[in-house]
Amino acid sequence: MKSQAPATVDIGEYQHGFSFPDQSVFKTRKGLDEGVVNAISHAKNEPEWMRQFRLRSLRAFQKKSMPNWGADLSDINFDDLYYYARPTDEQKKSWDDVPAYIKETFERIGIPEAERKFLAGVGAQYDSEVVYHSIKEDLAKKGVIFTDPETAVREHPDVVKQYFGTVIPYLDNKFAALNSAVWSGGSFVYVPKGVKVDVPLQAYFRINARSFGQFERTLIIADEGSFVHYIEGCTAPIYATESLHSAVVEIIALPGSRVRYTTIQNWSNDVYNLVTKRALAHKDATVEWVDGNIGSKRTMKYPSIYLVGEGAHGEVLSIAFAGKGQEQDTGGKAVHAASHTSSIITAKSISKAGGVATYRGLLKVNEGLHDVRSRVVCDALILDERSRSNTFPYMEINSDKVSSEHEARVSKISEEQLFYLQSRGMSEQEASLMIVNGFLDPLVKQLPMEYAVELNRLIELEMEGTVG
Amino acid sequence: MAERHEPVWMRDLRAKAKERFEAMSWPMTSDEEWRRTDVSGINPLSFAPRSASAAPAGAPTSRVGERNGAAGVLRFESGRLVDSSVSEEWKSRGVRLLSLDEALEEFEKPLSDILDEALDAADDRFGVWHYAAWSHGAFLSVPRGLEIKEPFIMDFSESGDGALSMPHVVVSLGEGARAAVIQRFRGSGDRILCNAGLDLLLSDAAGLDYFEAQDLGSQSLFFRSARARGGRDSSLKHFDAAFGGRLVKTRIETGLAGRGAEAYLDGVYFCREGQHMDLRTVQRHHSPQATSRAYYKGAVASGGRTVYQGLIEVDEGASGTDAYLTNRNLILEAARSDSIPTLKIGNNDVRCSHGSTTGRLNEEEMFYLESRGLARADAREMLVVGYFEDLLARAPELYREGALDRIRSRMALAA
């Protein structure tokens, strides 16, 4: 049996690899210029200040150069992409109103109706617009706002103006500028003072148009003493031409609040996933990023936490799986800008079948601080001799009353462990899977149950045919 | 250069380097390796090469009595060879310690091979410039099978305001040969630019212990690019100590080119007010079953700035690689210390890891020492010396004492 196992997951069997005829109602032409940006803004019926913001961002995007580090992005052709498409004319209020073909797509990626009762609100994204959105009544009663950013711009302009683009300015980097110019869809979350949201908020994203980029924009504001767990998951159908996904996620954790943001990214293997995610943690606030990267062709993503208030704490847990043809350039950043702050970055990666897993991260401690603690740990497993693993942890320490530690290890599956498990009657394949699961276990444990199950299933799928 | 009467191959090599030099621009902070060291504010070409008349007319006579137990001594003062001596015994057995320009004819084959390869590998303008315009230097050759315990000493004393100095050292060890070298850079308060180069070639089973100490004047700019290549079962120990200079940017790259090769890169650095030090180590594994370690430890006093960049790179064919890299930084007062230990691994049969810590003096230990009656400054000095002790214990006494003296004097200044 072993010898018959395919080297990688067969595309024909890849259950997410399906797509339906494009039924977008409104779509801009290929390429990007002022006309396209104006068209997007017009289609969204936006106020002038947002249109101006988009145009400023566009100019920044055109001026900024591509990063000269990280994954190879040379085959992205910005002129050959669509920057906006809207699948349905208006926001649907109930699941029944969602068009059948979109529902079917969601069905296939595993959002069965039965699961919806677990979800506080579903911001389900098809192409670049939110088509389905529901908020449980009790959340609405508590004053929690969970909507798409377009609605937020219309209905909560003051809050949006106050925070939008403040954590990640449009000038931050080329892809943040791109997103700022053409953003569409995403989530807007506001949790009022003292409110603890006890079920995770979730949004599912999906790309479904050839050569079509998706640029969602998420802004989460946790007011003083509040708590929220936001979960983002995405899968995409397989296409032959490259797709570009370039999101911006901004989190503001006000004093005493806690925000956890979980992503399992499983874009199809032709997607460029170039994402900027950053959080501000104010006094006594905690921000946690749990970031799983399984899919995409090339991912560059380093969830960041700026600890700007005393007592703030930040954690990044990063998991990457780089299979055939994939490059996962991921990691995390912690920037300490206040005393009495702490951070932990834990990264685990697996590379196989020629995949490249790169940890890239930054730990920075600003000048004149004291009682700052930080720990960065990277573990990498290379499953075969064609695969690669890189580690680039940057540490910039500008204060003396600081303790920082960093460790990184790269290894293969230990022969002894394999031998032991095989002597207990396991096949080499089963034994390898068990070791890989054990390797990832500390991180998988941090996930909500349904995500842990999904991740385990994905790893199992990825591990098929590893041995023999 | 024409007045040097160098052999044709050397002139060709310089011309080739010069051509590349002309086509390159100085490193910019957009180049990853130079991101933290900005040289845009200095004009390297404003430093004046020393005139040929200051260059040596010929080797001075041996002064055997001044070797102090060393196997050989070479001393340069501002580019001029002032002392050259090798033990007669080793000389008779084929050991050569020469100023580099003297060696060019006799050792054309090994030198042209080594320097050609080094020039090809040079990837920034300082490195290429060095091969176009090296000014003086040393060559040590130890024939196969010879084991020499006493160190060879190479001293480079660099002064002269506004002077440009480009010393180069080549060490070539035959199969199974063993040797130790102590290379020291010293300087005055003059503002000089020293762009040094070092090429080490270890044949199969050769062993080299190389101790480098840099204590140039406080206004000096020091760039140094070092390359080492080790054959099968060779063993290299390179120990670096960085104390002087206003701006220091150094790199050592060791290529483990033969099965079973070993390389140990150790380093200590002490950086204080007005100093910027950017040190890089590269452990490059080309062959199976090779071992490498890098262990760099620094202390940064108030106003100092250090950068350590380490890389372990493992080629696809280098199975059984065992590599580790450690960087520790002690921040004494408000100072900045960056640590960038990186891994690029292309083989799965490896044990590679790195560790980095940055912290300050342990307050409890300080309290203990002060409660025993030590003045605060003495307690600090004791802890800092203790911090470096494990590394310095690996160095020969002569070198260790020199390094400790410098650490103590800097602690006294920092206090």
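# Exercises on a two-chain predicted model

The buried residues of helix 1 (34–43) of chain A are covered by elements that include helix 2 (48–63) and helix 7 (174–182) of chain A. The model is predicted: local features require pLDDT of at least 70 and side-chain atom pairs pLDDT 80 or more, while totals for chains, interfaces and linings use all residues. Residues are numbered from 1 along each chain as its sequence is written, and chains are lettered from A and ligands numbered from 1 in the order in which they are written.

**Exercise 1.** Determine which residues of helix 1 of chain A are buried, and where they lie around the axis.

*Solution.* Helices (H or I, at least four residues) and strands (E, at least two) are DSSP runs, numbered from the N terminus. A residue is buried if 20 or more other C-beta atoms, placed from the backbone, lie within 10 Å of its own, exposed if 12 or fewer, and partly exposed in between.
1. Val36(A), Val37(A), Ile40(A) and Ser41(A) are buried.
2. Their arc (of directions from the helix axis to the C-beta atoms) covers only 135°, so they are on the same side of helix 1 of chain A.
3. Gly35(A) and His42(A), on the other side, are exposed.
4. After the helix comes Asn45(A), with a positive phi near 55°.

**Exercise 2.** State how chain B is divided and what its domains contribute to their contact.

*Solution.* 
1. An automatic or database assignment sets the domain bounds: domain 1 of chain B is 2–361 and domain 2 is 362–415.
2. Their C-alpha centres lie 27 Å apart.
3. The contact (C-beta atoms, placed from the backbone, within 7 Å) takes 20 residues from domain 1 of chain B and 21 residues from domain 2 of chain B.
4. Strands 11 (207–215), 13 (235–242), 15 (262–271) and 17 (291–300) of chain B each supply at least two residues of the domain 1 side.

**Exercise 3.** Identify how the chains meet.

*Solution.* 
1. Chain B and chain A each give 33 residues to the contact.
2. Strand 20 (336–345) and strand 21 (350–359) of chain B each supply at least two residues of the chain B side.
3. Strands pair if DSSP finds at least two bridges between them; seven bridges join strand 23 (401–411) of chain A to strand 21 of chain B, running antiparallel.
4. Within strand 21 of chain B, Ser356(B) stands opposite His406(A).

Key. Contact = placed C-beta atoms within 7 Å.
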